[in-house]
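Here is a short report on a two-chain model with a ligand. It covers the chain interface first, then the ligand site.

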Amino acid sequence: MLKAPYVTNYLTEHFGDDAFGTLAGYVKRGGYQAARKALTEMTPDSVIDLVKNAGLQGRGGAGFGTGLKWSFMPKQSDKPKFLVCNADESEPGSFKDRILMERGPHQILEGIVIAAFATGAVKTFLYVRGEYAFPADQVERAVAEAYAKGFLGKNILKSGFAHDVVVQRGAGAYICGEETGLLESLEGKKGQPRKKPPFPAQYGAFGMPTTVNNVETFSHVPHIINKGSEWFRTLGTEKSPGTTIFGVSGHVARPGLYELPLGTRLDEIIFEHAGGVPGGRKLKGVIPGGASMPILPAGQLDVPMANEFLRERKTMLGTGGIMVMDETTCMVRVACVISYFFRDESCGQCTQCREGTGWMHKIIERIERGAGQPDDIGILLDVASKMEGQTICAFSDAAAWPVQGLLRHFREDFEAHIRERKCPFPESFEL
Amino acid sequence: MVISAASREKIAAEIAKYPAPRGALLPALHIVHAEHGFVSPECAQELAELFAIRPFEVLEVVSFYNMFHATPQPRHQVRVCTNLPCSLRGGRELLRRLEAHLGVKTGEATADGRIRLGHEECLGACAYAPMMRVDQQYHEDLDVEKAKSILDGLD
Ligand SMILES: Cc1cc2nc3c(=O)[nH]c(=O)nc-3n(C[C@H](O)[C@H](O)[C@H](O)COP(=O)(O)O)c2cc1C
Ligand code: SF4
Ligand code: FES
């Protein structure tokens, strides 16, 4: 089981208490009061309005407005409507959804019940990545408890509202985190993303209207219902309210999870909370939001961790997975590891993505070996630019961005490899 | 029949949860792996019958996902994470040392069919690197000695 976060806030406040994972422990801490309030005192529209006013943005990586997304679900539908809880968490550097499942499964389920009420969904498919066996067990246990005590099923909290939750385990494919890849996988197929439109709200799981939200997104919802949208907006920034759970990894003294308001400065997270770089070494670069997001160099860490500020520096919050690299780090090796991942995980449907990820990795690997050609950097930039904005899903962009970021800020590392015909960073991490 | 009656019962219970039977194909494949460790051609045939699809459609799905196998597997799958956060904290060194310890290369199985050593992409344990997955179990905050003794303790 994961260690509780080093810094907690409303999502993770009770994660040090093992009982919080059980129904009784959750109820003792005020759990399911928000669901009761929503189902018995509110209308679906007033729930959607409240979440809209709170300004909650999806925490799965894209940051789309949650209330707005819910409002896309057709009000009248002769087909059943579904929700999907995206628990496929596989973005390198991310491990927040895991702790939410391990330590707070009922918080997720309560968020699901409220979202189901707001959108009129009859069933939620909670799709957990296959490797997350223990977190999936915790969620399944919580689902069984919730059914037994009337928090899920036919007549939830005696309100007349019915909702089912089905847990499905994935089987090891990053692309199943992309929402339409997930839908295909849920239907028992290869997880190859669908062309959009139609969007899931019209044609989603099994062809039915569907809303997909991330585990953390659902977890915020009960708190918004309980404490209101104004309270939620007291945390975070004007454009990005609330907290998120940052996962800090790599070269820091205290790697781990930190629940902090959005807009907390990146340097504060790294140096004050995570204890800075150990061994008296200097920091070289930081990837702020999971492997898909472009890197920032040491001189640009005074940035509030919210998309409106990160965008100015050509990167994004992504999943809040912060990866810290010290001065020994070879950025060509970093590019090599990341480009290998994307080459391996491309689903292969789109030529630009399939070929582009392959070429990028091949060229980067050759540069690292000392066999790089003078025009390799130009080729890399050209390949990366052709991978953007033209494919079925955003995976291809997500594969291009980190390489572009590394070349933007650490081009000299690449040039030195080509010039010296070897890797000039003997102390860097092993490849 | 290769798929046991008990597994068939579990598969039927999964099928009942979905609006279309095929939704239960991944759950069914997990059930079959728990029983046999892989999907044999006979198994694929039986699954195809259960789901009213063609055997190649079953195998196509099997081959798409890393955790499904169409051939018999060693008793244990040991996967060391080599994605960036783990690499920054010694993940690749750990993998190299375990290769030497087991006398195999990454991707290979030991001659006694006990362990397949592999690498894995990020497993969501980045702050507790280096780490490895042994079958369904995560082992975190490893050092080489600790990892070796975990492998030595496998049957
Ligand atoms: C390649 C790729 C992988 C993704 N992986 C995940 C994932 O593991 N978990 C997740 O919640 N969202 C993931 N997403 C984002 C989803 O497509 C989707 O936007 C999200 O689940 C919506 O939930 P939210 O609005 O609550 O953030 C991924 C997107 C892409 C393009
Ligand atoms: S962009 Fe890549 S991952 Fe996405 S659908 Fe196309 S080939 Fe598949
Ligand atoms: S990189 Fe190894 S667990 Fe994330």
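The notes below start with the basis of the values.

## Basis

This is a predicted model: local features need pLDDT of at least 70, side-chain atom pairs count only at pLDDT 80 or more, and totals for chains, interfaces and linings use all residues. Residues are numbered from 1 along each chain as written, chains are lettered from A and ligands numbered from 1 in written order, and side-chain values use heavy atoms, without hydrogens and water.

## Interface of chains A and B

Contact (heavy atoms within 4.5 Å) links 60 residues of chain A with 42 residues of chain B. The two chains bury about 4,000 Å² between them, 60% of it on carbon and sulfur atoms; this is accessible area (1.4 Å probe) lost on being put together, summed over both. In chain A, A:Glu131, A:Ala171 and A:Glu430 lose the most area to chain B, together 16% of what that side buries.

Three salt bridges join the chains (a side-chain nitrogen of Lys or Arg within 4 Å of a carboxyl oxygen of Asp or Glu). In one, A:Glu430 pairs with B:Arg96, with the closest N and O atoms 2.5 Å apart.

## Ligand 1

Ligand 1 has 18 residues around it (a heavy atom within 4 Å). A:Gly60, A:Lys69, A:Asn213, A:Asn214 and A:Thr217 come nearest.

Backbone N or O atoms also approach the ligand. That of A:Gly60 lies 2.7 Å from a ligand oxygen atom, and that of A:Arg59 lies 3.3 Å from an oxygen atom.

Conventions. Polar contact = N/O pair within 3.5 Å; in protein donor to acceptor, adjacent residues only side chain to side chain.
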